[in-house]
Amino acid sequence: MENILGSKDKITVCQLLINNKIDYFEIEIKLTDDPNYPKLSDLFQKEFSPVYINPTKNYYIYSVQENCPFLSR
């Protein structure tokens, strides 16, 4: 999961998601200094479009199919 969340390349993220048979993924952005919390690349906010947003909780759900249509299963 750290490889997906920390990646700076959309194609790599999409390939990892598809190879791991992930259809949807969720991200909750938390401000924390906890070293065990995975570091989140800004790639998701810049290059992916969420299908659901809860702005109060900084919670996002993304569809792999909608965000990675250039790769087929």
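Aspartate 42 and lysine 46 form a salt bridge, with their closest N and O atoms 3.1 Å apart. A salt bridge here is a side-chain nitrogen of Lys or Arg within 4 Å of a carboxyl oxygen of Asp or Glu. By this rule the count is 1 salt bridge. The model is predicted: local features need pLDDT of at least 70, side-chain atom pairs count only at pLDDT 80 or more, and totals for chains, interfaces and linings use all residues. Residues are numbered from 1 along each chain as its sequence is written, and side-chain values use heavy atoms, with hydrogens and water left out.

- Aspartate 42 is partly exposed, at a relative accessible area of 37%.
- Lysine 46 is exposed, at 65% relative accessibility.
- Buried means under 20% relative accessible area, exposed means over 50%, and partly exposed lies in between (1.4 Å probe, protein chains only).

**Overall layout**
- The protein has 4 helices and 3 strands.
- From the N terminus, the order is α-α-β-α-β-β-α.
- Helices (H or I, at least four residues) and strands (E, at least two) are DSSP runs, numbered from the N terminus.
- Buried residues make up 29% of the 73 residues.
- Take contacts between residues at least 6 apart in sequence: 64% of them join residues at least 24 apart. Contact means heavy atoms within 4.5 Å.

**Strands E1 and E3**
- E1 and E3 run antiparallel and are joined by 5 bridges. Two strands pair if DSSP finds at least two bridges between them.
- Glutamate 28 stands opposite tyrosine 59 in E3.
- E1 has a covered face, formed by Phe25 and Ile27. Its uncovered face holds Tyr24, Glu26 and Glu28.

**Aromatic pairs**
- The structure holds 8 aromatic pairs. Rings of Phe, Tyr and Trp (its six-membered ring) pair if their centres lie within 6.5 Å; planes under 30 degrees apart count as stacked, over 60 as edge-to-face and the rest as tilted.
- Phenylalanine 25 and tyrosine 62 are stacked, at 4.9 Å centre to centre and 15° between the planes.
- This pair links distant parts of the chain, 37 residues apart: phenylalanine 25 is in strand E1 (residues 24–28) and tyrosine 62 in strand E3 (residues 59–63).
- Phenylalanine 25 is buried at 9% relative accessibility, and tyrosine 62 is buried at 2%.
- Phenylalanine 48 and tyrosine 62 pair edge-to-face, at 6.3 Å centre to centre and 85° between the planes.
- Phenylalanine 48 sits in the loop between helix H3 (43–47) and strand E2 (50–54), 14 residues from tyrosine 62.
- Phenylalanine 48 is buried too, at 4% relative accessibility.
- Ring pairs link Phe25, Phe44, Phe48, Tyr60 and Tyr62 into a cluster.
- Lysine 10 lies over the face of phenylalanine 48, 4.9 Å from the ring centre. A charge sits over a ring if NZ of Lys or CZ of Arg is within 6 Å of the ring centre and within 35 degrees of the ring normal.

**Nonpolar core**
- The largest nonpolar core has 15 residues, of which Val13, Phe25, Phe44, Phe48 and Tyr62 touch the most other members.
- Helix H1 (2–5), helix H2 (10–19), E1, H3 and E3 each supply at least two residues of this core.
- H2 gives the largest share, 4 residues.
- A nonpolar core is a set of buried Ala, Val, Leu, Ile, Met, Phe, Trp, Tyr and Cys residues joined through side-chain atoms within 4.5 Å.
- Valine 13 touches Ile4, Ser7, Leu43, Phe44 and Phe48, not counting residues up to four places away in sequence.
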